[in-house]
Amino acid sequence: MAPIITLVIVLGLLVDVVVHMRSRSQDSGRLSSTQLTCPSARSAGLESLASSSPGVAVQTGRSLFFDSRLSLDGSVSCASCHEPSRAFTDGRATSVGIFGRHGKRNSPTLYNVAYQPRFFWDGRALTLEQQVQIALTGPNEMGMTERALSMRFESFSPEVRRTLGKPTLASVSAAIAAFVRMLRSSGSRVDLYLYCGERNVLSQQERAGLRLFLGKANCVRCHTIEAADVSPLGGARAFFTDFRFHDIGAGDSFDPGLADYSHLSSDVGEFKTPTLRNVALTAPYMHDGSLRTLREVVEFYDRGGGKNGQVDQAIVPLYLTHSEEDELIAFLEALTSNSQGDELAKEHAKSRRRQQ
Ligand code: HEC
Ligand code: HEC
């Protein structure tokens, strides 16, 4: 870990210098995130890892993702709690499933889950297929059963029925997982800055926020940005998560977190580090949605995290000034790149209008 962190920090400090040198030799105007000219920012090295899925399953999975017939009372679809326009989250502290039942956790973004080794805040699902099946059948989510699914299946479109053959919870989950695997987010202004040498794409305030993120506030310790030469697969990647579990003392009430699944007392209160990509769109924050705004999050870290349980040693008071807090927030807001979600939301609205 230590050499990675050192390299990342060195990269952070060098980035201004290197980028400055490059921007002299090219005329880099201000780029919006829709005018990408740098391929490495578009993928941020993300493409190489995720396995691609066959197109038919993706199309089928995509229509099932929006289909509330997959819930027992017909009231919710995956998209109810993972809205494309909100980077696939739902804007609630904790989600509401069938029959208005409340779960205890906040809906996470679905972007880049293809790269995750484990799923859910507590990592209890080991494959995406397994994860999707838990969402389909969970009593506080969609509550679906094999029986209800087969009884309802006649009402699905011929294409969906042709692709899935005999419908089972497993075949439906596999198709939806194939679609979810394709949800990728990269190419934010931060990517253009880090990987394309576009110095002007971040404001001075956002650049100051990046320096805090890499240095004084040390957020990068868990919300990882890899330097190009440390990735075992080559190429720089920035997932803004280490995919590991930590206790930062967040949450309003007791939740065992990772220990729910591992049953180890040392894991109590540990949750998976969430990605920070699109974090401006995914409020409220933390596993139970207990922090409403990015300002509240930054103030939380500034105080040295929460008081619950065995808080990670890396979480200490930061003594940020008010303008440093603003800088950090501005940087977090520059991590937005929801083009796939915006596109899907638009297409879905159009197809609903056509059906009416
Ligand atoms: C009632 C709201 C709700 C519905 C409906 C729902 N989800 Fe979720 N989803 C959540 C919540 C809340 C979590 C986090 C739960 C936890 O970690 O304990 C979650 C977690 C996930 C994750 C894990 C993400 C990660 O970072 O580990 C994936 C993937 C996912 N859902 C996909 C789906 C799919 C696909 C569907 C439809 C089959 C679906 N969800 C239906 C609320 C919902
Ligand atoms: C020790 C590892 C660690 C460090 C250091 C760290 N975080 Fe986190 N971060 C986490 C974990 C774990 C969570 C989820 C905790 C939970 O929900 O209980 C989290 C959650 C968040 C969230 C909420 C995201 C969401 O989707 O709900 C934001 C925003 C965030 N961190 C930003 C930061 C910032 C900014 C810093 C630096 C000031 C930072 N983090 C430092 C591990 C860390």
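Guide: We'll take the confidence, the ligands and some helix contacts in turn.

Visitor: What kind of model is this?
Guide: It is a predicted model, where local features need pLDDT of at least 70, side-chain atom pairs count only at pLDDT 80 or more, and totals for chains, interfaces and linings use all residues. Residues are numbered from 1 along each chain as its sequence is written, while chains are lettered from A and ligands numbered from 1 in the order in which they are written.

Visitor: What pLDDT does the protein chain average?
Guide: The average is 85, and 82% of the residues score at least 70. pLDDT is the predictor's confidence in each residue, from 0 to 100.

Visitor: Where does pLDDT stay under 50?
Guide: Residues 1-37 do that. The model has 39 contacts beyond four places in sequence for them. Residues 229-234 are also below 50. Two residues are in contact if their C-beta atoms, placed from the backbone, lie within 7 Å. Where pLDDT is low, the predicted coordinates should not be read in detail.

Visitor: OK, ligands. Which residues are closest to ligand 1?
Guide: Cys78, Cys81, Gly97, Phe120 and Ala135, out of 26 that surround ligand 1. A residue is near if its C-beta atom, placed from the backbone, lies within 6 Å.

Visitor: Which element gives the most to that shell around ligand 1?
Guide: α5 does, with 4 residues. Helices (H or I, at least four residues) are DSSP runs, numbered from the N terminus.

Visitor: And how does the shell around ligand 1 divide by class?
Guide: Into 16 nonpolar, 8 polar and 2 charged residues. Ala, Val, Leu, Ile, Met, Phe, Trp, Tyr, Cys and Pro count as nonpolar, Asp, Glu, Lys and Arg as charged, and the others, Gly among them, as polar.

Visitor: What about ligand 2?
Guide: Cys219, Cys222, Ala250, Tyr285 and His287 come nearest, of 26 residues around ligand 2. Helix α12 (residues 294-302) gives the largest share of that shell, 3 residues.

Visitor: Now helices. How do α3 and α8 cross?
Guide: Their axes come within 7 Å and cross at roughly 100 degrees. So α3 is roughly perpendicular to α8. Roughly perpendicular covers angles of 65 to 115 degrees. Axes are lines fitted to C-alpha atoms, for helices over the stretch in contact, and angles run from 0 to 180 degrees between N-to-C directions.

Visitor: Which classes make up the contact of α3 with α8?
Guide: That contact has 11 nonpolar residues, 2 polar and 1 charged.

Terms used: Helices (H or I, at least four residues) and strands (E, at least two) are DSSP runs, numbered from the N terminus. Angles under 35 degrees count as roughly parallel, over 145 as roughly antiparallel, 65 to 115 as roughly perpendicular and the rest as oblique.
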